[in-house]
Structures are given as structure tokens and as C-alpha cells.
Amino acid sequence: MTATITRRPDHPFGRIVGDGLVLTNNGCGRDRKRHIGFESDNGLHIGGAHHFTMLNDDTVYEWMLPLLRPRRTLPPGTV
């Protein structure tokens, strides 16, 4: 999950400032020294927001809820 103070994450100012605390590439798990490998299709970007906006944003809640629900496990021997 990332945010930028600009509406578009690729805007030059948004790329330099990010959300005010975290740059977009770092929030995605990428920087010059490492690449964590988050799948971009599973991510969320909120434009026109700062770091603390994400604490109370309904979009963030709706995106995170399915990720936090426990998954049912398959019976042993099932692939």
C-alpha cells in the first residue's frame, strides 16, 4: 500500500516526496539496494493523500479486510 501527496504516483513531485514520510518505491518494496517482490496487482495506491491519511481511510480498510481474514486450510493430502 502506498500513497502520494499528488493524485498520480508518477507525478515528479509525488515521486520525490511520496506521502510525506515514505517514497512510493520504498512502500512497494523497491529501492536501489533491494527488491522485496510485492506483486503490484495486489497493491493499493491512494493519490492525494499523506502518510497519516491511510490510518482512517475507508478504501484502505476495504482493501485490507480480505487480507486479514483467516483462510480455511485444506485437508491433509490435498493440493
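**A conversation about one chain**

Student: What is the relative accessible area of R8?
Tutor: R8 has a relative accessible area of 48% and therefore counts as partly exposed. The word buried applies under 20% relative accessible area, exposed applies over 50%, and partly exposed lies in between, using a 1.4 Å probe and protein chains only.

Student: Before we go on, what kind of model is this?
Tutor: It is a predicted model, in which local features need pLDDT of at least 70 and side-chain atom pairs count only at pLDDT 80 or more, while totals for chains, interfaces and linings use all residues. Residues are numbered from 1 along each chain as its sequence is written, and side-chain values use heavy atoms, with hydrogens and water left out.

Student: Back to R8, then. Which residue forms a salt bridge with it?
Tutor: The partner of R8 is D10, and their closest N and O atoms are 3.1 Å apart. A salt bridge here requires a side-chain nitrogen of Lys or Arg within 4 Å of a carboxyl oxygen of Asp or Glu. D10 is partly exposed, because its relative accessible area is 49%.

Student: How many salt bridges does the count come to?
Tutor: The count comes to one salt bridge.

Student: New topic: what pattern does the chain follow along the sequence?
Tutor: The pattern is β-α-α-β-α, made up of three helices and two strands. Helices (H or I, at least four residues) and strands (E, at least two) are DSSP runs, numbered from the N terminus.

Student: And what share of the 79 residues is buried?
Tutor: Buried residues account for 19% of the chain.

Student: What does I46 touch?
Tutor: Leaving aside residues up to four places away in sequence, I46 touches T2, A3, T4, M54, D57 and V60. Contact means heavy atoms within 4.5 Å.

Student: Now D19: where does it lie?
Tutor: D19 is in the loop between α1 (12-17) and α2 (24-27).

Student: Is D19 buried or exposed?
Tutor: D19 counts as buried because its relative accessibility is 4%. Its side chain also reaches the backbone nitrogen of L21 at 2.9 Å. Not counting residues up to four places away in sequence, D19 touches several residues, among them A3, A49 and M54.

Student: What about T6? Where is its place?
Tutor: T6 is in the loop between β1 (2-4) and α1, and it is buried, with a relative accessible area of 12%. Beyond residues up to four places away in sequence, T6 touches H11, F13, G14, G47 and G48.

Student: And L23, is that buried, exposed or partly exposed?
Tutor: L23 is partly exposed, at a relative accessible area of 35%. L23 belongs to the loop between α1 and α2. The C-alpha atoms of L23 and A3 are separated by 8.5 Å, although these residues are 20 residues apart along the chain.

Notes
A polar contact is a pair of N or O atoms within 3.5 Å; within protein, one must be able to donate a hydrogen and the other to accept it, and residues adjacent in sequence count only if both atoms are side-chain atoms.
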